[in-house]
Amino acid sequence: MITLVLLPGMDGTGTLFKPFVEMLRVGFNVKVVRYPATEAMGYTELEAVARAELPTEGPFVILGESFSGPVAIALAASCSSQLKGLILCCSFARNPYPFFSGFKYFVGALPISKVPRSVLSYFLLGPFATDALRLALLRAIAQVSPSAFRARFKAVLTANVSEKLSAITVPILYMRASQDRVVPRSSSRHISLLNPRTRIVDIEAPHFLLQAAPAEAAQVVSTFVKQVENSL
């Protein structure tokens, strides 16, 4: 049976996958990777964490949500023949806003714990915000130390795994949110340009696509995994 490996967004807890996982059809295994909540790790270290969690037997598909895109791409470029597909959700291969790269020198001063909830809700949930989604977001964030968040912000500002895209030979699905206020559409175009095997699917949702539109996302992912499964 094929396994869907889920790599989480910047919170790294994996708890925000719950609505999406509940909507997935029965027929394949789901494995949620969780990043250390208190350690200040960049993409290299987090890739090692994720690689250690990959299935050792049987075929699998990797889904990298938002922040985890570079990790998912790096894994897919160097994975064994067990990897059968790659899914990227509202993600990127390089810093989505290159002109902000210089801020990497000031990340240590970011007041992570003082970011207003309304700001988080605006960018991550937009008009799709509900009390339940806001609460789930705050609970996930509360589990992660400020130093871990700062390290992840710095990782995004210096991220660039573009050269690895051409090494990926499995089908790629990019799920793009119609109202993403975090990752611009240029990120998906960049990925599809460097790897023509990429298929982009637009879903009416905010950056928190898997959380705000779990049923639609689950249907798209299930179809992709089924297609991959049928090609084995």
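Predicted model: local features only at pLDDT ≥ 70, side-chain atom pairs only at ≥ 80, totals over all residues.
Local features need pLDDT of at least 70 and side-chain atom pairs count only at pLDDT 80 or more, while totals for chains, interfaces and linings use all residues. Residues are numbered from 1 along each chain as its sequence is written, and side-chain values use heavy atoms, with hydrogens and water left out.

Six strands form an open sheet in the order S2-S1-S3-S4-S5-S6, with parallel pairing. Strands (E, at least two residues) and helices (H or I, at least four) are DSSP runs numbered from the N terminus, and two strands pair if DSSP finds at least two bridges between them. Strands S2 (29-32) and S6 (198-203) are at the edges with a single partner strand each, so one side of each has no neighbour in the sheet. From one strand to the next, the twist averages 20°, where axes are lines fitted to C-alpha atoms and angles run from 0 to 180 degrees between N-to-C directions.

| Strand | Partner | Bridges | Direction |
|---|---|---|---|
| S1 (residues 3-7) | S3 | Five | parallel |
| S3 (residues 60-65) | S4 (residues 83-89) | Six | parallel |

Gly 64 of S3 lies opposite Leu 7 and also opposite Leu 88 in S4. Ile 62 faces Leu 86 in S4. Between S3 and S4 the chain passes through helix H3 (residues 69-78) in a right-handed β-α-β crossover; right-handed means that, with the strands pointing away from the viewer, the path from the first strand over the helix to the second runs clockwise.

Six of the six residues of S3 are buried (under 20% relative accessible area, 1.4 Å probe, protein chains only; exposed is over 50%, partly exposed in between). Phe 60, Ile 62 and Gly 64 cover one side, and Val 61, Leu 63 and Glu 65 are on the other.
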